[in-house]
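This report describes selected features of one protein model. The sequence and the structure are shown below.

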Amino acid sequence: ARIDNEIQQLQHRQDTLRIGCAYGVFNMVSLQKILDFISAHPEINVMYSEYSNKTIRKKILEAELDYGIVVGQEEDSCFRQKMIASCPVVVLVYEGHPFYDMPHISFRQLEGERLLSMNEDFWIYHEVIRRCRECGFEPVITARSMDGIMLQKLCVQKLGIAIVPAVVTEEMNMSHLRAVPLADEMNWEIYGMCSADTAEYDAIRQIGEFMQEK
């Protein structure tokens, strides 16, 4: 029965490609890229959905997804990963805040600051907490959102400063705001991911190669 199930999964993967996209990745990786792949490979039935990073990794391991576009690298030999895109993370600071004119900000300087953040479904939320704890303190996160523009609005209202990928500031009204670089390097990295066991399946290999193309 186990062998029959593996054969069915193999046959399924030959003509169907199930893609999971982490929340926010389309800020850096155009949805058009996936649409172009679909157009170039009409023989493959492509299905894609958005999930949290954690859910995508789980679904790949449980063979419910074939390929993931995720934020951050997974230190696990069960996965094959290749970077697709990257941009720096910055601190969004409102005019009048002591950090507003600073050339850069370190994580240690964030102790006691009111922080605005993407919510728990986003890699950046967990990474900010991890970096702050490495510096010996618990961050004060006063508001969370699924929407970068909402963080910008809250920042304008001086409810806190926001840590966001630099790319999202391109769509923001930056009047009375500054995107201040982090002194401690932190990059928002997008990876293509699949199971190490299925990396050589035709459809999975093809989408991986396609996503690497500029």
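Ala63 lies in the loop that joins helix H3 (53–61) to strand E3 (67–71). In this predicted model, the phi angle of Ala63 is near 60 degrees, a positive value in a residue other than glycine. With a relative accessible area of 18%, Ala63 is buried, because the cut-off for that class is under 20%.

His176 also has a positive phi, about 65 degrees, although it is not a glycine. His176 is found in the loop between strand E7 (161–165) and strand E8 (177–181). The relative accessibility of His176 is 53%, so His176 counts as exposed; the threshold for this class is over 50%.

## Overall architecture

The protein contains six helices and nine strands. Its C-alpha atoms fill a box of roughly 65 × 35 × 25 Å, taken along the principal axes. Of the 214 residues, 49% count as buried.

## Helices H2 and H6

Two packed helices are described by the angle between their axes and the distance between the axes. For helix H2 (residues 31–40) and helix H6 (residues 202–212), the axes come within 11 Å and cross at roughly 135 degrees. H2 and H6 are therefore oblique to each other, since an angle over 145 degrees would be needed for roughly antiparallel and 65 to 115 for roughly perpendicular. The crossing in which H2 passes H6 is right-handed.

Leu31, Leu35 and Tyr48 together make a nonpolar surface patch of about 220 Å². Tyr48 is placed in strand E2 (residues 45–51). The relative accessible area of Tyr48 is 34%, and Tyr48 is therefore partly exposed.

## Tyr23 and its separation from Ala40

Tyr23 is located in the loop between strand E1 (16–22) and H2. At 23% relative accessibility, Tyr23 counts as partly exposed, because buried would require a value under 20%.

How far apart are Tyr23 and Ala40 in sequence and in space? The two residues are separated by 17 residues in sequence and by 25 Å in space, C-alpha to C-alpha.

Terms used: Residues numbered from 1 in each chain as written. Predicted model: local features only at pLDDT ≥ 70, side-chain atom pairs only at ≥ 80, totals over all residues. Heavy atoms only, no water. Patch = residues over 30% accessible without salt bridge, like charges linked within 9 Å, V, L, I, M, F, W, Y side chains within 5 Å. Areas by Shrake-Rupley, 256 points an atom, 1.4 Å probe, with all protein chains shown as cover. Salt bridge = Lys/Arg side-chain N within 4 Å of Asp/Glu carboxyl O. Helix = DSSP H or I, 4+ residues; strand = E, 2+ residues; numbered from the N terminus. Buried < 20%, exposed > 50% of the residue type's maximum accessible area, 1.4 Å probe, protein only. Axes fitted to C-alpha atoms, helices over the stretch in contact; angles between N-to-C directions. Parallel < 35°, antiparallel > 145°, perpendicular 65-115°, else oblique. Left-handed = near helix turned anticlockwise from the far one by under 90°.
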